Amino acid sequence: MLNVMNLNIHYDAIVIGAGPAGLTAGIYLSRAKLKTLIINEGIVGGQMVLTHEIANYPGVESISGYQLANIMKKQARTFGCDIRSNVIIKEINLHGEVKSLSLVDGSVYTSNSIILTPGGRSRNLGVPGEDSFKGKGISYCATCDGDFFTGKEIMVVGGGNSALEEAVSLTKYASKVTIVHQFGHFQAFEHAIEEAKNHPKINFIMESSIVAFHGSENLESVDIKHLKTGEIINLKTDGTFVFIGYIPNTEFLIGKVELNQWGEIIVKSDMSTGLEGVYAAGDSVAKRYRQVTTAVGDGTVAALAASNYLHESKANHKKLKAA
Ligand SMILES: Cc1cc2nc3c(=O)[nH]c(=O)nc-3n(C[C@H](O)[C@H](O)[C@H](O)COP(=O)(O)OP(=O)(O)OC[C@H]3O[C@@H](n4cnc5c(N)ncnc54)[C@H](O)[C@@H]3O)c2cc1C
């Protein structure tokens with residue numbers, strides 16, 4: 001484990017982000033005997049550590065996100081991968097044959113390849129109680145957590161396609177789904193609106209917003225404010241799913257790599273970006289579905305493509321030297 005400040009070390013590959021995509025890339029790269037460093041801003045594991053139970057990772061019936069993250073971290077380290085977590089990148093240069101990045105602690109690293117896996121975050125409501133009940137009744141992922149609310153009465157916040165589609169999908173589990181939306185109309189495709197409106201388990205609270213979450217150990221009720229009248233009511237709920245948008249953690253990459261209008265990294269099928277030797281994987285890339293399995297799959301592809309790139313560029317250098 002690296003914990004020395006002010007280092008200046010060259011790696012074959014540097015991975016930015018230690019969520020499932022980055023840890024998988026680290027496992028594959030270091031297992032291929034490539035000198036690899038993972039740089040991570042938060043604690044190792046990314047969004048996985050926010051979920052108390054992962055029940056849809058094939059081969060593992062049920063595991064906490066924290067445990068799964070630690071197994072992946074151990075695997076990467078076993079193959080020789082260096083990991084630096086809780087650090088902040090100050091400057092990054094993705095151009096040219098040798099890429100570089102410096103951290104705010106003064107460390108400088110260079111590499112021949114970079115894999116970007118900074119993940120993302122769900123847009124929060126930003127109201128009292130939200131942070132306390134994340135994973136304890138408040139969720140941002142129906143595929144991940146829907147099953148935990150089987151037979152329960154839940155709320156869905158949002159009025160776009162994902163809110164309406166996920167509300168319908170949650171009716172497989174929940175006995176009642178109440179959609180809370182701030183406007184009097186939805187910003188979704190007509191078929192999604194019709195499907196939700198016609199569903200017998202779904203009802204609506206319009207022109208309203210959740211302004212506080214309450215409970216002791218787990219979420220028990222919400223305060224809902226009618227945005228026109230200002231009236232606040234308290235309603236009991238077993239769970240609340242928030243679908244008000246997703247934000248990729250790519251602010252530090254603006255102007256450095258091609259992003260789409262939502263800030264997602266644009267990649268080809270081998271996870272390459274438009275820059276030589278630079279790949280991206282996981283929730284930060286432009287794609288529809290975001291899961292641990294998809295992040296792990298992307299991380300695998302990016303690492304294999306980066307390994308191939310490094311192998312070919314080493315072979316080219318040898319040829320040039322011999323000529
Ligand atoms: C509450 C919750 C529950 C979930 N439950 C499930 C589930 O049950 N099953 C499932 O399959 N999926 C679940 N998901 C989704 C899953 O966690 C994500 O799809 C997956 O973690 C994405 O992996 P990733 O590696 O792309 O990014 P992330 O997990 O987001 O990891 C990115 C990492 O990069 C770091 N980082 C960000 N910016 C920088 C930077 N500038 N420099 C350095 N490091 C940086 C972050 O600190 C983070 O550690 C859940 C998500 C949430 C929020």
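Start by selecting helix 1: this helix is mostly covered, with 10 of its 12 residues buried (buried is under 20% relative accessible area, exposed is over 50%, and partly exposed lies in between, using a 1.4 Å probe and protein chains only). Before moving on, note that you are looking at a predicted model, in which local features need pLDDT of at least 70, side-chain atom pairs count only at pLDDT 80 or more, and totals for chains, interfaces and linings use all residues. Residues are numbered from 1 along each chain as its sequence is written, and side-chain values use heavy atoms, leaving out hydrogens and water.

**Stop 1: helix 1 and what follows**

Helices (H or I, at least four residues) and strands (E, at least two) are DSSP runs, numbered from the N terminus. The buried residues of helix 1 include Pro-20, Leu-23, Ile-27 and Leu-29. From its first C-alpha to its last, helix 1 reaches 16 Å, close to the 16 Å expected at 1.5 Å a residue; the expected span is 1.5 Å times one less than the number of residues.

Next, click on Lys-33, in the loop between helix 1 (20-31) and strand 2 (36-39). Lys-33 has a positive phi of about 65° although it is not a glycine. Is Lys-33 buried or exposed? Lys-33 is exposed, at a relative accessible area of 76%.

**Stop 2**

Select Asn-86, in the loop between strand 3 (82-84) and strand 4. Asn-86 is not a glycine either, yet has a positive phi of about 55°. With a relative accessible area of 52%, Asn-86 is exposed.

Carry on to strand 4 (residues 89-93), which runs antiparallel to strand 5 and is joined to it by 4 bridges. Two strands pair if DSSP finds at least two bridges between them. Highlight Ile-92, whose bridge partner in strand 5 is Leu-101. This hairpin has 5 residues between the strands, and Gly-96 takes a positive phi near 80° there.

Now look at strand 5 (residues 99-103) itself: 4 of its 5 residues are buried, so strand 5 is largely enclosed by the rest of the structure. Strand 5 is also joined to strand 6 (residues 108-116) by 4 bridges, again in the antiparallel sense. Lys-99 stands opposite Ser-111 in strand 6. In this second hairpin, with 4 residues between the strands, Gly-106 takes a positive phi near 100°.

**Stop 3**

Ser-113 counts as buried, at 0% relative accessibility. Which residues does Ser-113 contact, leaving aside its neighbours within four places in sequence? Among them are Asp-12, Ile-14, Lys-99, Tyr-279 and Tyr-309 (contact means heavy atoms within 4.5 Å).

Then step to Arg-121, in strand 7 (residues 120-122). Arg-121 is partly exposed, with a relative accessible area of 34%. Leaving aside neighbours within four places in sequence, its contacts include Tyr-246, Pro-248 and Glu-251.

**Stop 4**

Color an open sheet of 5 strands, in the order 8-15-9-10-11, with parallel pairing. Strand 8 (138-139) and strand 11 (202-205) stand at the edges with a single partner strand each, so one side of each is left without a neighbour in the sheet. Inspect strand 9 (residues 153-157) and strand 15 (residues 239-242), which pair in the parallel sense over 4 bridges. Here Val-157 stands opposite Val-242 in strand 15. Helix 4 packs on the sheet, touching strand 9, strand 10 (176-180), strand 11 and strand 15, and its direction makes about 165° with that of strand 9.

**Stop 5: helix 4 against helix 5**

Finish with helix 4 (residues 161-170) and helix 5 (residues 190-198), whose axes come within 9 Å and cross at roughly 35°. Axes are lines fitted to C-alpha atoms, for helices over the stretch in contact, and angles run from 0 to 180 degrees between N-to-C directions. Show the side chains of Asn-161, Leu-164, Glu-165 and Val-168 in helix 4, which meet His-191, Ala-192, Ile-193, Glu-195 and Ala-196 in helix 5. The residues of this contact divide into 5 nonpolar, 2 polar and 2 charged; Ala, Val, Leu, Ile, Met, Phe, Trp, Tyr, Cys and Pro count as nonpolar, Asp, Glu, Lys and Arg as charged, and the others, Gly among them, as polar.
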